[in-house]
Amino acid sequence: MPYRAPVRDLAFSLTAVAGIEDVAATGAYPDYDADLMNAVLEAADQFSQEVLAPLNRPGDLAGATYANGSVTAAPGFADAYRQFAEGGWTGLTASAEAGGQALPKALELAAYETIQSANMAFALCPMLSLAAIEALEQVGTEHQKATYLPKLVSGEWTGAMVLTEPGAGSDLGALTATATPNGDGTYALNGQKIFITWGDHDATDNIVHLVLARLPDAPAGPKGISLFLASKFEVKADGSLGGRNDFRPVGLEHKLGIHASPTCVMSYEGARAELVGQPNQGLAHMFVMMNNARLAVGVQGVGVAEGAYQHALAYALERRQGRSIWTGEANAPIIDHPDIRRTLAVMKAKIEAARAICFATGVAADLAQHAASEEERKAWKGREDLFVPIAKAWGTDVGCDVASDGVQIHGGMGFIEETGAAQYYRDARITPIYEGTNGIQAMDLVGRKLSQDGGASAKAVIAEMKVTLKDLGGLYSGKPVERFANAIDAVEDATLWLLDAKADAARGADVLAAADAYLRLLGDVVGGWMMAKGALAAKKRLDAGDGDPAWLRGKMDLYEVYAANILGHASSRLAAVGQGGDLLSRISREALGAA
């Protein structure tokens with residue numbers, strides 16, 4: 001079965017679960033309505049099916065190539081990118097002033113999920129352009145906005161995030177790249193950067209690099225980092241391109257997956273650059289890009305999971321082996337084996353939960369800008385900040401889990417490259433690593449996001465989940481309700497425990513030791529909340545005769561699958577949160593096998 005975007009699921013998640021209509025109600029997006037939403041999703045489906053999905057496997061086999069200081073995209077990718085740009089896909093949420101369509105963030109996330117599912121390696125290119133666009137819109141000068149934004153928004157040029165160095169990965173405070181004033185308001189960049197996604201390619205005429213580097217008088221550590229813009233080619237006053245700038249790729253990384261996405265080693269040798277934002281505020285400015293990219297990577301996890309799921313479902317319908325326990329048919333499709341059907345159901349439920357978390361984060365981001373009052377905007381900003389690390393980490397863990405289950409459903413054939421199942425698994429594995437590892441997301445959640453408002457955002461989510469729990473009692477009885485109730489209690493206990501621990505400076509190890517378990521617990525339970533909201537909305541539509549009854553009943557059944565298989569683990573997650581840092585401190589290097 002070739003990839004096909006789950007348009008009904010996407011629309012349902014946006015409207016019935018994430019609450020995109022609350023964004024529309026602000027009046028900030030006068031061109032948005034349900035018809036436009038459906039048109040965007042249908043168009044994204046068509047482009048993903050017809051243009052991107054056919055390039056996915058060939059791109060993995062051929063990969064991007066490097067020769068003589070330049071990178072060539074995998075066969076067909078440059079033409080596909082030109083079609084992507086002509087379709088206006090880069091400018092969905094960009095401002096109208098920059099040539100964008102000024103649509104809600106959550107709709108962009110839904111459209112890009114289809115791109116990620118169809119061809120994750122391709123999707124990385126425009127995904128980074130979106131981050132660059134947001135950074136320039138927020139902190140760029142008027143000249144930079146006028147010069148670079150229209151070309152980035154149109155997709156004529158692409159953007160790249162240039163952070164990592166051989167000696168400075170997650171610890172950006174250790175970076176050593178320098179920016180020396182040229183005396184004319186520009187700077188000379190020097191240094192080497194690694195892991196630069198789509199840092200060079202032949203799909204566009206120009207590439208805009210946003211680079212972290214140090215000024216000569218910068219203080220040590222993260223407080224001494226500034227953000228610079230370096231264009232691959234000089235942009236003349238009339239907007240035409242001039243000479244080549246002094247930075248180049250010196251090689252491509254050989255990777256486990258995403259082979260068609262060029263991951264470059266870049267060398268800057270006096271490259272001409274402009275300061276973006278304020279001196280020594282580069283890390284703060286870069287986090288504008290990082291937050292955008294982290295949410296996009298969460299959607300990437302959902303997208304690769306959806307692709308892997310569809311691949312596994314098609315195989316389960318086609319592969320015949322054994323007797324059906326339900327129909328008695330001999331040599332039955334393996335979807336009629338209970339364990340295969342259970343696995344597929346859990347995969348589907350996880351995808352829907354992760355999708356809704358990501359879309360709800362997009363809704364929160366829009367309402368943080370456009371809600372009616374300052375108090376509401378502040379509350380929604382707190383929700384966005386709380387949800388971003390969950391969307392990124394929990395969503396990408398789902399991507400890896402579902403892709404792994406997809407290989408398992410294929411059995412031995414899943415381990416054979418020709419079936420294509422392995423590619424989803426290989427591609428998915430990077431997502432918990434880049435844009436801040438999932439361990440860093442957990443540290444960010446408990447270290448900053450949880451307590452930045454005294455825990456108010458987390459407590460508000462818990463309160464809303466309790467309201468949904470009451471409504472759920474009118475739909476189910478017994479375990480489906482009890483499991484959600486117990487899971488909410490576990491999140492509340494863990495949240496209060498962490499807030500108490502954070503108030504005691506001596507318990508820093510306890511907080512960090514609990515970080516991963518807390519993020520997983522919160523992701524599990526917020527995902528359950530999203531599934532419960534979906535089940536309630538499905539029942540309401542079913543009662544009104546609005547929609548396909550079998551499909552709506554499926555939403556209700558998937559909540560029960562999720563409750564049994566995911567929410568049932570809440571107590572063990574809570575136990576891990578409360579384990580504390582003392583045990584880890586007792587586990588010596590020798591105990592771990594280090595000499």
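Student: Which residues form a nonpolar patch on the surface, and what is their accessible area together?
Tutor: In this predicted model, the patch consists of Leu583, Leu584, Ile587 and Leu592. Taken together, the accessible area of these four side chains' residues is about 360 Å².

Student: Is Leu592 buried or exposed?
Tutor: Leu592 is located in the segment that follows α18 (581-586). A residue is called exposed when its relative accessible area is over 50%. Leu592 has 69% relative accessibility, and therefore its class is exposed.

Student: Why is strand β11 described as largely enclosed by the rest of the structure?
Tutor: Strand β11 spans residues 263-276. The cut-off for a buried residue is under 20% relative accessible area. The strand is largely enclosed because, of its 14 residues, the number buried is 11.

Student: How many bridges pair strand β5 with β11, and which residue of β11 is the bridge partner of Gly191?
Tutor: Strand β5 (residues 187-197) runs antiparallel to β11, and nine bridges pair them. For Gly191, the bridge partner in β11 is Tyr268.

Student: In which sense do strands β7 and β11 run, and what is the bridge partner of Phe228 in β11?
Tutor: Strand β7 (residues 226-231) is joined to β11 by three bridges, and the two run antiparallel. Within β11, Phe228 has as its bridge partner Leu275.

Student: How many bridges join strand β10 to β11, and which residue in β11 does Arg248 stand opposite?
Tutor: Strand β10 covers residues 247-252 and is antiparallel to β11, with five bridges between them. The residue of β11 opposite Arg248 is Ser267.

Definitions and conventions
Residues numbered from 1 in each chain as written. Predicted model: local features only at pLDDT ≥ 70, side-chain atom pairs only at ≥ 80, totals over all residues. Heavy atoms only, no water. Buried < 20%, exposed > 50% of the residue type's maximum accessible area, 1.4 Å probe, protein only. Helix = DSSP H or I, 4+ residues; strand = E, 2+ residues; numbered from the N terminus. Pairing = 2+ DSSP bridges. Patch = residues over 30% accessible without salt bridge, like charges linked within 9 Å, V, L, I, M, F, W, Y side chains within 5 Å. Areas by Shrake-Rupley, 256 points an atom, 1.4 Å probe, with all protein chains shown as cover.
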